[in-house]
Amino acid sequence: MVKIIKAVGTESAVSPMKSLEIQRRSLLPDDVEMDILYCGICHSDLHQIKNDFGGSSYPMVPGHEIVGRVTAIGSQVTSFKVGDLAAVGCLVDSCGHCPACERDLEQFCDSGATYSFNSPDKHLGGMTFGGFSQSYVCDQKFMLHMPQNLDLAAAAPLLCAGITVYSPLKHWQAGPGKVVGVLGIGGLGHVAIKMAHAMGAKVVVLTSSASKVEDAKRLGADEAVLTKDPEQMAAYAGKIDLIIDTVSAKHDINPYLNLLAIDGSVVLVGLPPEPLEVGAFNVIKGRRSFAGSNIGGIKETQEMLDFCAEHNLTADIELITPAQVNEAFERLEKGDVKYRFVVDMATLA
Ligand code: NAP
Ligand code: ZN
């Protein structure tokens, strides 16, 4: 018996978000069901709603930074019990046996991972529906354990913004002695500042917003550069080891490549819908790399949550009700959020 639940979603790329009813599958032996307490709003939700990449399917219920409490477990579930705090991020299924899955990199699954929304649903047909809803059901392997000591609303953005910046910071070895630049101080960028600082790196903020220059130190940055000011940019030429680029729109990448030290990397996590041009001399000089990174696997997501629990690290959020979601998407599009909207989903009931 499927369960009918309330959700907030959209019927097309240009329609407002509204109340919808969706189905959740009945529990399979390895499934965990949770009531959703909070769900963050990521710029990827906005890209998907607007069909920025093509391939969006409607009706769509976005939301992939999901925190809640377990309400039921399948007969084979061993890692959760009813009442546990739990979380779901971007990934809810993968083949489990390809080389990527065997390396705990489910996001690169050969068969294509199942994402928490707008992804083909193997069980119910149609597409998966995300966290702007009352409850979620997925296999225990894709359900995360939420640390007890973190503010749950402020921790919700860790499930996408957090892992998306934690994974490249770890992979490119941010830590003592390294200079990490964070480009674009939105949801992802502000968490990247906090994480790189907690890992012991020197953190340089690269922002187009003067108000964020002032805020950078409070967030844990050592220095901040207003990217529109050529003199400030020139002062950092060749000085940064790793730049995490979170910018969501088309931008010129070459001025940032020129800030890299020898063997430095710009790692793109932002998803500008258009291709970015790289000048040959900006990468051959200094043996620089222009790379990318996509969220992180489930094992690394749990490691990231435990790291945040240890450092008491969460997002700076504006908590809103489900009725304010349309206004929040309009403000996110204009860059008017410091630094993440989180929806109080318990009020949907
Ligand atoms: P966000 O909160 O909107 O932040 C994006 C930031 O980029 C803005 O705050 C702004 O920072 C800067 N920016 C935006 N438009 C710009 C422009 N035209 N020129 C220069 N700077 C601009 O978005 P988010 O939720 O952090 O997501 C950022 C991007 O990452 C999105 O494209 C999202 O889809 C993508 N994403 C990717 C992954 C992945 O796995 N790779 C996961 C999650 C999200 P300043 O004001 O500081 O300049
Ligand atoms: Zn996201």
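Colleague: How are α4 and α10 oriented to each other?

Modeller: The axes of α4 and helix α10 (residues 298-311) cross at roughly 95° and come within 10 Å, so the two are roughly perpendicular to each other. Angles of 65 to 115 degrees count as roughly perpendicular, under 35 as roughly parallel, over 145 as roughly antiparallel and the rest as oblique. Axes are lines fitted to C-alpha atoms, for helices over the stretch in contact, with angles from 0 to 180 degrees between N-to-C directions. Helices (H or I, at least four residues) and strands (E, at least two) are DSSP runs numbered from the N terminus.

This is a predicted model: local features need pLDDT of at least 70 and side-chain atom pairs pLDDT 80 or more, while totals for chains, interfaces and linings use all residues. Residues are numbered from 1 along each chain as its sequence is written, chains are lettered from A and ligands numbered from 1 in the order in which they are written, and side-chain values use heavy atoms, without hydrogens and water.

Colleague: Which residues of α4 and α10 make the contact?

Modeller: Contact means heavy atoms within 4.5 Å. Gly162, Ile163, Tyr166, Ser167 and Lys170 of α4 meet Glu300, Thr301, Glu303, Met304 and Phe307 of α10. By class, four are nonpolar, three polar and three charged (Ala, Val, Leu, Ile, Met, Phe, Trp, Tyr, Cys and Pro count as nonpolar, Asp, Glu, Lys and Arg as charged, the others, Gly among them, as polar).

Colleague: At what angle do α4 and α5 cross?

Modeller: At roughly 50°, with the axes of α4 and helix α5 (residues 187-198) within 8 Å; the two are therefore oblique to each other. Among the contact residues are Val165 and Leu169 of α4, and Val191 and Met195 of α5. This contact has nine nonpolar, three polar and no charged residues.

Colleague: Which residues coordinate the zinc ion (ligand 2)?

Modeller: Donors are N, O and S atoms within 2.8 Å of the metal (3.2 Å for Na, K and Ca); water is not among the atoms, so sites may look incomplete. Here Cys42 (SG), His64 (NE2) and Cys160 (SG) coordinate the zinc ion at 2.0 to 2.3 Å, with the spacing C-x21-H-x95-C. Cys42 lies in the loop between β3 (31-41) and α1 (43-49) and Cys160 in the loop between α3 (152-155) and α4 (161-171), so the pair ties together parts 118 residues apart in sequence.

Colleague: Are Cys42 and Cys160 buried or exposed?

Modeller: Both Cys42 and Cys160 are buried (under 20% relative accessible area; exposed is over 50%, partly exposed in between, with a 1.4 Å probe and protein chains only).
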